[in-house]
Every structure is written in structure tokens, then in C-alpha cells.
Amino acid sequence: QLQLVESGGGLVQPGGSLRLSCAVSGFSLDFYAVGWFRQAPGKEREGVSCISSSGGGTNYADSVKGRFTVSRDNTVNTVYLQMNSLNPDDTALYYCATQWQGTGINACVPTVAKFGPWGQGTQVTVSS
């Protein structure tokens with residue numbers, strides 16, 4: 001059964017860090033890009049970052065560039081999002097999702113409509 005499970009969210013003070021994980025089961029991640037997305041209350045879901053199937057391409061929203069880093073470990077079928085210098089605007093429910101790419105792809109764009117299926121999300125709250 002295909003499943004994506006996000007974890008690692010929590011409450012953190014401004015300036016703090018969190019590392020989110022997206023564990024995938026039911027299929028191999030080798031041929032898939034993985035994206036991270038977030039949705040704050042009253043706002044639309046937005047793309048945060050993605051990593052290509054090869055791992056050689058990454059993409060970040062302007063709002064998180066220089067603070068977030070996406071990585072993947074296909075040996076454990078997991079993708080990570082390291083989030084540093086968090087601020088209250090980063091407060092949201094964070095989701096991961098996949099996009100089939102095949103092999104040798106070194107680019108991705110975290111477009112909500114082009115990714116799926118989705119995990120259930122993990123809450124990140126940045127507050128003092």
C-alpha cells in the first residue's frame with residue numbers, strides 16, 4: 001500500500017531549527033521527485049522545496065532559500081527537510097508528495113498540482 005508519512009514537526013522558538021522526514025512505503029523512491037509543501041490557516045497550499053529523482057536537482061521557494069535544505073536517502077526511502085532560522089511565517093502544516101520522473105532527471109519545480117499522492121502532514125509552529 002502506497003503511503004507517505006511526515007514527521008519531525010513541533011513547536012520551536014523563532015530562530016530555531018527542525019528536521020522534517022518523509023518516509024515512503026509501498027513503492028521505491030528511485031524514480032520520483034519529492035516535494036515539500038505547506039499550508040497555513042486560511043491560505044492556499046504552497047510549494048516549499050523539491051528534490052529531483054536523481055537527487056542532483058533541488059528547488060526552493062524564495063521565502064525559504066538559504067534557510068531550508070532538502071535531501072534524500074533512497075536506501076531508506078526517505079526525504080528530509082532541514083529547516084533553520086525559522087520564523088513565525090513558517091508556521092504551517094507541512095506535507096510531502098511525489099512526482100514520477102524516471103531516471104537521470106536533475107530538476108524539479110514544487111508545483112502543487114503536479115505532485116501526489118500526499119502524506120497527512122506534520123505541524124510546524126514557530127512561536128515564542
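Arg19 has Gln82 as its bridge partner in strand 8, in a predicted model where local features need pLDDT of at least 70, side-chain atom pairs count only at pLDDT 80 or more, and totals for chains, interfaces and linings use all residues. Residues are numbered from 1 along each chain as its sequence is written, and side-chain values use heavy atoms, with hydrogens and water left out.

Strands here are DSSP runs of E with at least two residues, numbered from the N terminus, and two of them pair if DSSP finds at least two bridges between them. Here are the pairings to look for:

| Strands | Sense | Bridges |
|---|---|---|
| strand 3 (residues 18-25) and strand 8 | antiparallel | 6 bridges |
| strand 7 (residues 68-73) and strand 8 | antiparallel | 6 bridges |
| strand 1 (residues 3-7) and strand 3 | antiparallel | 5 bridges |

How about burial? Strand 8 (residues 78-83) is largely enclosed by the rest of the structure, because 5 of its 6 residues are buried (under 20% relative accessible area, with a 1.4 Å probe and protein chains only).

Technical notes
Buried < 20%, exposed > 50% of the residue type's maximum accessible area, 1.4 Å probe, protein only. Helix = DSSP H or I, 4+ residues; strand = E, 2+ residues; numbered from the N terminus.
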